[in-house]
Amino acid sequence: MRKTKRTWLGVLGCVLLTLLGTHRAASADGIFGSPLQEDVTRRFEAFLKGEVRAERVQVALRASDDELREGRIPEVRIFCTGALLGTLRCDRLVVLLRAVTFRPSGKDLLLEDTGQAEVSGTVLEKDCEKSLKSSFPDLKNAVVRLEGQRVVVAGAYAKSYVVPVRAFVKLYGKYVLDPQSGEASLAFEKATNDNPFISTEDIAKALSRKSLRISLAEFFVKPPLRDVRVDKRMVWFSTKP
């Protein structure tokens with residue numbers, strides 16, 4: 001029995017050494033990316049750090065060395081974690097660029113044309129709630145629930161007019177797309193509150209204007225949004241119809 005175990009351990013060791021040696025040889029030969037491809041990838045990631053507010057950015061290029069020497073990249077995929085669109089944190093954001101042209105600038109890289117762009121991403125329920133509290137402070141103890149294609153917002157609305165007013169409000173809405181701006185904002189279909197002197201319609205309009213908007217207007221590429229869906233405690237959006 002001990003001899004059998006030693007035999008299997010020896011075989012496993014040989015396999016691991018073979019795989020390790022293969023990986024090192026492949027890396028040395030540039031199979032997993034030539035030095036030029038790795039250099040352009042690093043430059044691209046450095047460029048994006050100045051353009052994208054995100055916790056982490058990774059870039060994957062699809063281009064030959066000849067294309068890179070000519071300043072052309074047929075396809076770039078950008079993977080962002082924790083990217084900010086306004087005050088809204090995206091858990092995941094993926095950007096696909098096609099037909100990109102660039103030129104080196106010292107140790108940096110300058111994009112001449114981003115080509116055709118597609119963007120998709122997800123926003124978690126907890127990040128919607130955090131963004132709402134930041135952008136609409138009149139709603140105290142705000143809670144956001146994403147369920148069944150609907151966005152439910154609740155909280156204690158407090159505002160000082162001639163006298164301070166306060167009410168518990170609950171709003172039910174969904175995301176709608178503006179075909180002109182290419183942005184998505186909340187449209188509330190139903191609202192309740194426990195103070196007849198406060199207009200829930202005015203609160204809904206103000207909240208829709210200030211909070212939880214999904215927009216690429218300040219992003220480095222700005223294709224219009226084509227699809228927004230709410231389900232499983234998250235919002236998913238895409239510029240691809």
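**Entry 1: Asp91 and Arg89.** I began with burial: Asp91 is buried, and Arg89 is buried too. This is a predicted model, and I keep that in mind throughout. Next I looked at how the two side chains meet, and found a salt bridge with an N to O distance of 3.7 Å.

Entry 2: Which residues are linked with Asp91 and Arg89 in a network of salt bridges? I noted Glu55, Arg92 and Asp127 as the partners that join Asp91 and Arg89 there. For context, I also looked up the total, and the structure holds 19 salt bridges.

**Entry 3: Arg233 and Glu125.** Here I found a salt bridge whose closest N and O atoms are 3.0 Å apart. Where do the two residues sit? Arg233 is in the loop between strand 10 (227-231) and strand 11 (234-238), while Glu125 belongs to helix 4 (residues 125-135), so the pair ties together parts that are 108 residues apart in sequence. I then checked accessibility on each side. Arg233 is exposed, at 56% relative accessible area, whereas Glu125 counts as buried at 6%.

**Entry 4: Arg145 and Glu129.** My last stop was another salt bridge, between Arg145 and Glu129, with 3.7 Å between the closest N and O atoms. Arg145 lies in strand 6 (residues 139-147) and Glu129 in helix 4, so this pair ties together parts that are 16 residues apart in sequence. Is Glu129 buried or exposed? I have Glu129 down as buried at 19% relative accessibility, because the cut-off for buried is under 20%. Arg145, with a relative accessible area of 37%, is partly exposed.

Methods: Residues are numbered from 1 along each chain as its sequence is written. This is a predicted model: local features need pLDDT of at least 70, side-chain atom pairs count only at pLDDT 80 or more; totals for chains, interfaces and linings use all residues. Side-chain values use heavy atoms; hydrogens and water are left out. A salt bridge is a side-chain nitrogen of Lys or Arg within 4 Å of a carboxyl oxygen of Asp or Glu. Buried means under 20% relative accessible area, exposed over 50%, partly exposed in between (1.4 Å probe, protein chains only). Helices (H or I, at least four residues) and strands (E, at least two) are DSSP runs, numbered from the N terminus.
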